[in-house]
Amino acid sequence: ANLPTQAQISVRVLGIAQDAGFPQAGCNKACCQQFYAGQLPAAHPVSLAIVDSGVHQYWLVEATTDLPLQLHALGGTGASLQMPAGIFLTHAHMGHYAGLLQLGREAMNAQQMPVYAMPRMQDFLTHNGPWSQLLQLQNIVLKPLQHQQQVTLSNHVIIEPLLVPHRDEFSE
């Protein structure tokens, strides 16, 4: 008998540091001094990959300034690099969306990468360069998110966005 294969869902932590990663530019604190002395490793800005190996797809949560290294950590370079099935942005603080620039024509020249965002974040990307150019050139395509409205990504992966109180100058 053919038994259905079990879904293999995993979450990969791709970064744990605040927006700018670690070390941070202009930092003279002991932590950064320890990094430059070779006593502490660098740390990527916060990001996750949600992996559904049953359908051979993954989705990123955040597009950080370290996007090239984070994609490489998922297991590919050059022609073997599998692109994410989509990217979820949580808010408009530097370390959470600045990596979208890597999808532009100066870098990967992605084609219609789904980018999931709440309404104010979508508005921010649509009306501010250089992000708006990513939309005009169709490097990215915005996919709407709403508070507590689930998005089905595969038979085994569902995302439910939640509004969280946070500094919100540019987005939710």
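**View 1. Pro 130 sits in the loop between α4 and α5.** Helices here are DSSP runs of H or I with at least four residues, strands are E runs of at least two, and both are numbered from the N terminus. A word on the model: it is predicted, so to speak of local features we need pLDDT of at least 70, side-chain atom pairs count only at pLDDT 80 or more, and totals for chains, interfaces and linings use all residues. Residues are numbered from 1 along each chain as its sequence is written, and side-chain values use heavy atoms, with hydrogens and water left out.

**View 2. Phe 88 and Tyr 116 form a stacked ring pair.** Rings of Phe, Tyr and Trp (its six-membered ring) pair if their centres lie within 6.5 Å; planes under 30 degrees apart are stacked, over 60 edge-to-face, and the rest tilted. Here the centres are 4.2 Å apart and the planes sit at 5°. Phe 88 comes from strand β4 (residues 86–88) and Tyr 116 from strand β5 (residues 113–117), so the pair links parts of the chain 28 residues apart. Both Phe 88 and Tyr 116 are buried (under 20% relative accessible area; exposed is over 50%, partly exposed in between, with a 1.4 Å probe and protein chains only).

**View 3. Phe 22, Phe 35 and Tyr 36 are linked into a cluster by ring pairs.** Phe 35 and Tyr 36 meet edge-to-face, with centres 5.0 Å apart and planes at 75°. Phe 35 is partly exposed at 24% relative accessibility, while Tyr 36 is exposed at 58%.

**View 4. Leu 89 is one of the residues touching the most other members of the largest nonpolar core.** Such a core is a set of buried Ala, Val, Leu, Ile, Met, Phe, Trp, Tyr and Cys residues joined through side-chain atoms within 4.5 Å. Beyond its neighbours within four places in sequence, Leu 89 is in contact (heavy atoms within 4.5 Å) with residues including Glu 62, Tyr 97, Leu 100 and Leu 125.

**View 5. Glu 62 has a positive phi of about 90° although it is not a glycine.** Glu 62 lies in the loop between β3 and α2 and is buried, at 5% relative accessible area.
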